[in-house]
Amino acid sequence: MSVTTRSRTRKTTSKSEKKVPDAASAANPTEQDPKLAALTQSMGDAFQSLAGLSVPADQWSQIQQDYLQQATTLWNQALEQPGQLHPADRRFAAPEWSSNPASAFMASMYLLNANTLKRMADSVTGGDAKSRERIRFAVQQWVDAASPSNYLALNPEAQKKALDTHGESLTQGMQMLFNDIRQGHVSQTDESVFEVGRNVATTEGAVVYENPFFQLIEYKPLTAKVYERPFLLVPPCINKYYILDLQPDNSLIRYAVSQGHRVFVVSWVNADESLNKATWDDYIEQGVMKAISVVQEVAGSEQINALGFCIGGTLVATAAAVLARRGQKPLASMTLLTAFLDFCNTGTLDLFVDEPMVQLREVTIGERSPQGPGLMKGSELAATFSFLRANDLVWNYVVGNYLKGEKPPAFDLLYWNADSTNLPGPMYCWYLRNTYLENNLVKPDAVTVCGEPLDLRLLDMPTFIYGSREDHIVPWDSAYASTRVVSGPKTFVLGASGHIAGVINPPEKRKRSFWTTPNGQKLPATAQEWMGSAEEHPGSWWTTWSTWLAEHGGAQVAAPKQLGSRQHPVVEPAPGRYVLRKA
């Protein structure tokens with residue numbers, strides 16, 4: 001047989017094999033696709049973890065007994081003293097609930113049912129801890145959704161308003177519902193009031209550099225002299241940068257400029273299909289590391305100060321560790337605001353992340369996707385964060401917007417919250433696996449970033465670490481855990497409130513409080529030990545941080561008369577084009 005004949009025979013056999021798979025392969029398609037097989041196995045493991053979950057018999061009996069007793073008490077009270085039922089929950093605080101005996105009884109029974117269901121969820125034993133937490137979360141979601149206040153037929157307050165307005169409130173509610181369906185999210189504020197560049201993100205500055213990943217904005221000095229070391233802010237890439245520059249009276253950017261710093265900020269692009277293949281390495285090399293080098297060149301400074309907020313802090317720390325591995329130390333100091341380095345406790349978000357979930361993302365939008373990489377939609381991320389606090393961030397607006405026809409008040413922070421940002425699938429999948437799932441960043445040399453084994457112990461610059469006490473995205477003890485990761489001098493400050501409101505707390509507002517380490521005391525090993533001796537102060541943590549940052553700013557020099565440099569001239573005025581791109 002000739003070579004040509006043999007070649008043709010092999011090709012014919014190959015085509016025949018593709019057309020007619022053997023019976024075993026047809027019966028088990030996962031044998032043909034190892035990615036599908038791995039995902040199937042992981043999903044099987046996840047379902048197996050639910051096996052054996054139960055409520056102990058003695059606790060079940062006690063829950064039943066307590067429920068019957070409380071339900072009987074409510075029923076008797078509704079019959080004998082119908083005007084005395086006052087359901088203790090802000091959703092039922094309007095007088096229409098208490099003045100209507102049927103509504104008051106219904107709301108009271110709902111609260112009893114809700115508490116009983118949550119008690120049952122808390123009593124579940126067996127399985128693993130994450131499975132039990134998922135049951136609690138699922139029950140809480142159902143309980144929040146089932147509230148009678150969420151339904152027009154059961155909400156006497158909304159019904160009265162409909163009668164008082166001759167149906168106008170329902171008409172307005174339907175209009176708002178249709179508008180929200182068109183825009184793809186529930187309106188949490190009157191978005192028509194705000195416009196980026198007009199009344200949010202208004203601090204004067206200019207874009208002095210751009211690439212496909214970000215624009216770099218430099219801000220016009222507000223003081224005659226500035227610190228010689230420039231200051232770079234890196235916001236989270238899953239949100240728009242102007243959370244740091246909402247309005248003049250609550251702008252962290254403007255505050256830093258007013259304190260005499262030469263301020264630059266990264267404005268991340270809202271990713272589209274052109275960045276489908278972008279990776280975590282790209283965001284480090286072409287994002288943070290490039291921003292650092294441009295700031296150095298524009299300011300003519302060998303070292304700079306840098307701040308990272310949320311995932312921006314993770315990016316800054318990773319970039320600094322890569323540069324340290326290369327023998328470069330461009331950061332004179334680093335500030336981490338509600339940021340993870342050690343993903344030891346990721347709070348409620350941990351419930352969403354496991355091997356099947358990560359693998360599913362990898363084979364749909366990641367580098368392993370048969371259809372090619374895709375995008376992680378910002379709207380999906382925003383919805384996830386909202387349902388972490390469903391009563392406050394979802395159902396509250398369903399009732400107000402749609403049942404009552406009330407336009408929510410104007411609130412700049414919630415306007416920003418609705419301005420979501422897409423992420424490249426490969427970048428997002430790498431982040432999920434190596435942080436939330438496997439916590440690899442704190443394991444020396446466990447991962448390679450930009451060709452360098454990553455070791456966060458190389459971060460020996462002075463570091464200011466901030467956590468928010470009620471943070472449900474970066475629990476404050478996880479923010480504190482960064483003190484055990486970096487090796488240089490560190491300062492930890494805890495602020496009141498949550499992930500965003502705790503950070504955006506200007507001194508002029510004189511709101512909330514913050515906690516610091518007593519003078520001369522070393523940081524203890526655990527967050528709980530630290531809290532036991534921490535000192536509370538009224539007002540904003542910004543002033544303490546500003547004093548710390550000034551110590552690392554170097555000498556004061558004359559403020560530049562022009563923005564940018566010969567190598568990096570002004571591209572366009574701030575806030576730039578990238579921040580205006582919608583998801």
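Helix α7 passes helix α15 in a right-handed crossing. This is a predicted model, and the pair makes a handy place to start. The axes of α7 (residues 129–145) and α15 (residues 390–403) come within 10 Å and cross at roughly 30 degrees. Angles under 35 degrees count as roughly parallel, so α7 and α15 get that label. On the α7 side, the residues involved are Gln 141, Asp 144 and Ala 145, and they meet Ala 390, Asn 391 and Trp 395 of α15. Sorted by class, the residues of this contact come out as three nonpolar, two polar and one charged.

Helix α7 also has a partner in helix α6 (residues 101–123): the two pack at an angle of about 170 degrees, with their axes 9 Å apart. Angles over 145 degrees count as roughly antiparallel, and α6 and α7 are therefore roughly antiparallel to each other. From α6, the contact draws on Tyr 110, Ala 114, Leu 117, Lys 118, Ala 121 and Asp 122, while α7 brings in Ile 135, Arg 136, Val 139, Gln 140, Trp 142, Val 143 and Asp 144. That gives eight nonpolar, one polar and four charged residues.

The side chains of Arg 136 and Asp 122 meet in a salt bridge, with 3.1 Å from N to O. Since Arg 136 sits in α7 and Asp 122 in α6, the pair ties together parts that are 14 residues apart in sequence. Side chains of opposite charge can pair like this when their charged atoms come close. Across the whole structure, a search turns up 31 salt bridges.

Moving on from α6 to helix α4 (residues 57–80), the axes of α4 and α6 come within 11 Å and cross at roughly 170 degrees. That crossing makes α4 roughly antiparallel to α6. By class, the contact of α4 with α6 has 11 nonpolar, seven polar and two charged residues.

Next comes the sheet. It is an open one of 11 strands with mixed pairing, in the order β15-β14-β13-β12-β7-β6-β4-β5-β2-β1-β17. At its edges are β15 (535–538) and β17 (572–573), each pairing on one side only. Within the sheet, β6 (residues 304–309) and β7 (residues 331–337) run parallel and are joined by six bridges. Asn 305 stands opposite Ser 333 in β7.

Helices pack on this sheet too. Helix α20 (residues 542–550) touches β4, β6, β7, β12, β13 and β14, and its direction makes about 165 degrees with that of β7. Helix α11 (residues 280–299) lies across β1, β2, β4, β5, β6 and β7, running at about 25 degrees to β2.

Most residues other than glycine have a negative phi, and most peptide bonds are trans. Cys 450 has a positive phi, near 55 degrees, and is found in the loop between β10 (448–449) and β11 (452–453). The peptide bond from Ala 574 to Pro 575 is cis, with omega near 10 degrees; Pro 575 lies in the segment after β17.

Conventions:
Residues numbered from 1 in each chain as written. Predicted model: local features only at pLDDT ≥ 70, side-chain atom pairs only at ≥ 80, totals over all residues. Heavy atoms only, no water. Pairing = 2+ DSSP bridges. Helix = DSSP H or I, 4+ residues; strand = E, 2+ residues; numbered from the N terminus. Contact = heavy atoms within 4.5 Å. Axes fitted to C-alpha atoms, helices over the stretch in contact; angles between N-to-C directions. Parallel < 35°, antiparallel > 145°, perpendicular 65-115°, else oblique. Left-handed = near helix turned anticlockwise from the far one by under 90°. Nonpolar A, V, L, I, M, F, W, Y, C, P; charged D, E, K, R; others polar. Salt bridge = Lys/Arg side-chain N within 4 Å of Asp/Glu carboxyl O.
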